[in-house]
Amino acid sequence: QLRTEATGYGAVFFLRNMLQAHNDTIEGKKVLISGSGNVATHAAEKLLHLGAKPITLSDSGGFIHSSNGLTQEQIDWIKVLKVERRGRIAEAANEFPGISFHENSRPWNVDADCAIPCATQNEINEADAKTLVKNGCKAVAEGANMPSEPSAVEVFLGNNILFGPGKAANAGGVAVSGLEMSQNSMRLSWSREEVDQKLQGIMQSIHQACVDHGSNDKTIDYVKGANIAGFIKVADAMIDQGAV
């Protein structure tokens, strides 16, 4: 249960944790999402569950924008469009009033509170990052693997944007794979609700590890925290195994 949804859900949980750690909330936030596959559509779905507004999705042809936020009906339709029909995201603008399509563009110039890049590596460059900062983006949680170029990460960190790197923010998929292995070993089958609760706890633990190792006087450097936490985890495992 929930393996398909896990990466997108986990990225949203991490985003919520970052906001909460800085005395903010995810409710009511307008969120940019790139991509339209499993990670993107399920991130949009979980944002809705938590009271936020996913306002964009994209594919290689461009992005769609709904200023009032995509609905569950629209997200479900896009899932069928992309997974079963292998269609193009532009079709959503023809299907639903209030959705516009922007050809050969990425969503990073749209005003929003947060961003969850879920499409591909290196999709946010330095100029995109500066645009997000200029437009008031408060937090970025990476749903894809390394979607932000190094220069973009420098812009985020230099402007105190809450930036959750993929090695932390998109760990939900791998985490639920681990839960699947546990269920198989114990001959158990947990419900969606049980797995969702366990995933929330895992993402909270990952967030706390970043806080523990990345806090400074002004804010939390999640890149530093994730790198140190990851190094310690590998080093401890090597010691336990007698490798060092």
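Strand 1 (residues 30–34) and strand 6 (residues 114–117) run parallel and are joined by 4 bridges. Helices (H or I, at least four residues) and strands (E, at least two) are DSSP runs, numbered from the N terminus, and two strands pair if DSSP finds at least two bridges between them. The model is predicted: local features need pLDDT of at least 70, side-chain atom pairs count only at pLDDT 80 or more, and totals for chains, interfaces and linings use all residues. Residues are numbered from 1 along each chain as its sequence is written, and side-chain values use heavy atoms, with hydrogens and water left out.

Individual pairs can be located between these two strands. Val31 has Cys114 of strand 6 as its bridge partner, and Ser34 stands opposite Pro117 in strand 6. On its other pairing, strand 6 is joined by 2 bridges to strand 7 (residues 139–141), and these two strands also run parallel. There, Ala115 has Val140 of strand 7 as its bridge partner.

These strands belong to an open sheet of 5 strands in the order 2-1-6-7-8, with parallel pairing. Its edges are strand 2 (53–54) and strand 8 (162–164), each of which pairs on one side only. Strands of a sheet pair through backbone hydrogen bonds, either parallel or antiparallel.

In a regular strand the side chains alternate between the two faces of the sheet. Strand 6 is covered on both faces: Cys114 and Ile116 on one side, and Ala115 and Pro117 on the other, are all buried. Buried means under 20% relative accessible area, exposed over 50%, and partly exposed in between, with a 1.4 Å probe and protein chains only. Helix 2 (residues 38–49) lies across strand 1, strand 2 and strand 6, and runs at about 165 degrees to strand 1. For such angles, axes are lines fitted to C-alpha atoms, for helices over the stretch in contact, and the angles run from 0 to 180 degrees between N-to-C directions.

Lys79 is placed in helix 3 (residues 72–84). Lys79 counts as buried because its relative accessible area is 19%, against a limit of under 20%. Leaving aside neighbours within four places in sequence, Lys79 is in contact (heavy atoms within 4.5 Å) with Thr41, His42, Glu45 and Glu84.

A second sheet has antiparallel pairing: it is open, with 3 strands in the order 3-4-5. Strand 3 and strand 5 are its edges, each pairing on one side only. The twist averages 20 degrees from one strand to the next. Strand 3 (residues 56–59) and strand 4 (residues 62–65) are antiparallel and joined by 4 bridges. They form a hairpin with 2 residues between them, and Asp59 stands opposite Gly62 in strand 4. Strand 4 is also joined by 4 bridges to strand 5 (residues 100–103), again antiparallel; here the bridge partner of His65 is Ser100 in strand 5.

The next topic is empty space. Rolling a probe the size of a water molecule over the atoms shows where empty space is left. On a 1 Å grid over the protein atoms alone, a cavity is a set of points where a 1.4 Å probe fits but cannot get out, whereas a pocket is an open set with protein on both sides within 12 Å along at least five of seven lines; lining residues have an atom within 4 Å of a point. Grid points are joined across faces, edges and corners, and a volume is the space filled by probe spheres set on the points.

The largest pocket holds about 260 Å³ of space. It is lined by 13 residues, of which Ile206, Ala209, Ala229, Gly230 and Lys233 are the closest to its centre. Helix 7 (166–169), helix 9 (192–214) and helix 10 (222–240) each give two or more residues to this lining. By class, the lining has 8 nonpolar, 3 polar and 2 charged residues; Ala, Val, Leu, Ile, Met, Phe, Trp, Tyr, Cys and Pro count as nonpolar, Asp, Glu, Lys and Arg as charged, and the others, Gly among them, as polar.

The second largest pocket holds about 190 Å³. Of its 13 lining residues, the closest to the centre are Glu142, Met146, Pro165, Gly166 and Lys167. Helix 7 and helix 10 each supply at least two residues of this lining, which by class has 6 nonpolar, 5 polar and 2 charged residues.

Gly166 lies in helix 7 and, at 7% relative accessibility, counts as buried. The C-alpha atoms of Gly166 and Met146 are separated by 6.1 Å, although the two are 20 residues apart along the chain. Leaving aside neighbours within four places in sequence, Gly166 is in contact with Glu142, Ala144 and Ala171.
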